[in-house]
Amino acid sequence: MVPGARLIILGKQGAGKGTQCVRLSRHYVVPHISTGDMFRAAVKSRSELGAKAKEYMDTGELVPDEVVMGLVAERLGLDDTKARGFVLDGFPRTVHQAKGLAELLAPDEIDLVVNLEVPTEVVLRRLAGRRVCVDCGANYSVDSPPRLNWTCDICGGEVVQRQDDTEAAIRRRLDLYERETRPLVDWYAERDLLAEVEGVGDPDEITGGLVRVVDQRREHSLGRRV
Ligand code: ADP
Ligand code: ZN
């Protein structure tokens with residue numbers, strides 16, 4: 001089996017992180033950990049955490065760091081991530097969260113952070129047309145809907161527009177991305193942990209590009225170890 005990996009994928013809303021992270025998680029056989037998906041599941045199950053997160057999510061605000069850190073600490077404490085690693089999607093989103101993550105992982109480190117870069121005009125178009133399955137989170141769009149009646153091809157769930165894919169919430173999320181998350185690109189570059197992959201084009205080729213930078217990094221660090 002391929003060795004595990006500890007990966008972070010950065011990218012704006014609509015950059016395709018969700019789709020690519022699912023593929024990477026299959027490729028490296030590591031869990032896909034999406035804080036957005038975890039919060040949406042919490043909202044759906046009407047848990048206390050869900051109630052806390054919902055008011056922020058619906059308007060496109062960030063959930064407070066201490067809530068996010070608690071959730072992630074719990075998830076990273078499980079055996080699967082300890083044994084093989086993870087693909088983190090939507091976390092960290094602030095420098096404060098990145099520092100918290102480094103503390104959680106110490107003495108281990110992440111292998112690589114990949115910035116999936118897509119121009120804002122492209123993500124705006126993608127987000128306006130995006131539709132998701134309420135049950136499994138699979139992504140569709142008005143241009144490539146499920147086969148039947150807005151019913152998920154994978155699980156039969158209902159396919160809808162996300163509650164935070166309104167114009168106002170999208171604008172707010174992109175704004176927060178530039179202000180809070182973009183600085184992480186430099187933060188990880190300074191630590192020599194960053195790679196960039198172009199996120200526009202054929203999804204299979206983008207996956208290929210991601211796997212290439214991760215494998216390069218692994219060869220490089222294996223070389224350093226021997
Ligand atoms: P998007 O990247 O399109 O905003 P996500 O599914 O990643 O979508 O996240 C949805 C919402 O969940 C965010 O707008 C935010 O309110 C909350 N959220 C997810 N991850 C984090 C995080 N790491 N820090 C703070 N809030 C988060
Ligand atoms: Zn589904």
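Arginine 173 reaches ligand 1 through its side chain: an N or O atom there sits 2.7 Å from an oxygen atom of the ligand, a polar contact in the sense of a pair of N or O atoms within 3.5 Å (within protein, one must be able to donate a hydrogen and the other to accept it, and residues adjacent in sequence count only if both atoms are side-chain atoms). On its own ligand 1 exposes 540 Å², and the protein buries 97% of that, with accessible areas taken from the Shrake-Rupley method with a 1.4 Å probe (for residues, only the protein chains shown count as cover).

Keep in mind that this is a predicted model, where local features need pLDDT of at least 70, side-chain atom pairs count only at pLDDT 80 or more, and totals for chains, interfaces and linings use all residues. Residues are numbered from 1 along each chain as its sequence is written, chains are lettered from A and ligands numbered from 1 in the order in which they are written, and side-chain values use heavy atoms, leaving out hydrogens and water.

**Around ligand 1**

**How helices pack**

- H2 also meets helix H3 (residues 48-59): their axes come within 8 Å and cross at roughly 115°. Axes are lines fitted to C-alpha atoms, for helices over the stretch in contact, and angles run from 0 to 180 degrees between N-to-C directions.
- That contact (heavy atoms within 4.5 Å) brings together Gly36, Phe39, Arg40, Ala42 and Val43 of H2 with Leu49, Gly50, Ala53, Lys54 and Met57 of H3. By class, that makes 6 nonpolar, 2 polar and 2 charged residues.
- Helix H7 (residues 120-129) packs against helix H8 (residues 167-181) at an angle of about 145°, with the axes 11 Å apart.
- On the H7 side you'll find Thr120, Val123, Leu124 and Leu127, and on the H8 side Ile170, Arg173 and Leu174.
- For H6 and helix H9 (residues 183-190), the axes come within 9 Å and cross at roughly 40°.
- Val95, Ala98, Lys99 and Leu101 of H6 touch Pro183, Leu184, Trp187 and Tyr188 of H9, giving 7 nonpolar, no polar and 1 charged.

- Most residues other than glycine have a negative phi, and most peptide bonds are trans.
- Phenylalanine 91 and proline 92 are joined by a cis peptide bond, with omega about -10°; proline 92 lies in the loop between strand E3 (85-89) and helix H6 (95-105).
- Another cis peptide bond links alanine 106 and proline 107, with omega about 5°, and proline 107 is in the loop between H6 and strand E4 (112-117).
- Valine 29 isn't a glycine, yet its phi is positive at about 55°; look for valine 29 in the loop between helix H1 (17-28) and strand E2 (32-34).

Notes. Helix = DSSP H or I, 4+ residues; strand = E, 2+ residues; numbered from the N terminus. Nonpolar A, V, L, I, M, F, W, Y, C, P; charged D, E, K, R; others polar.
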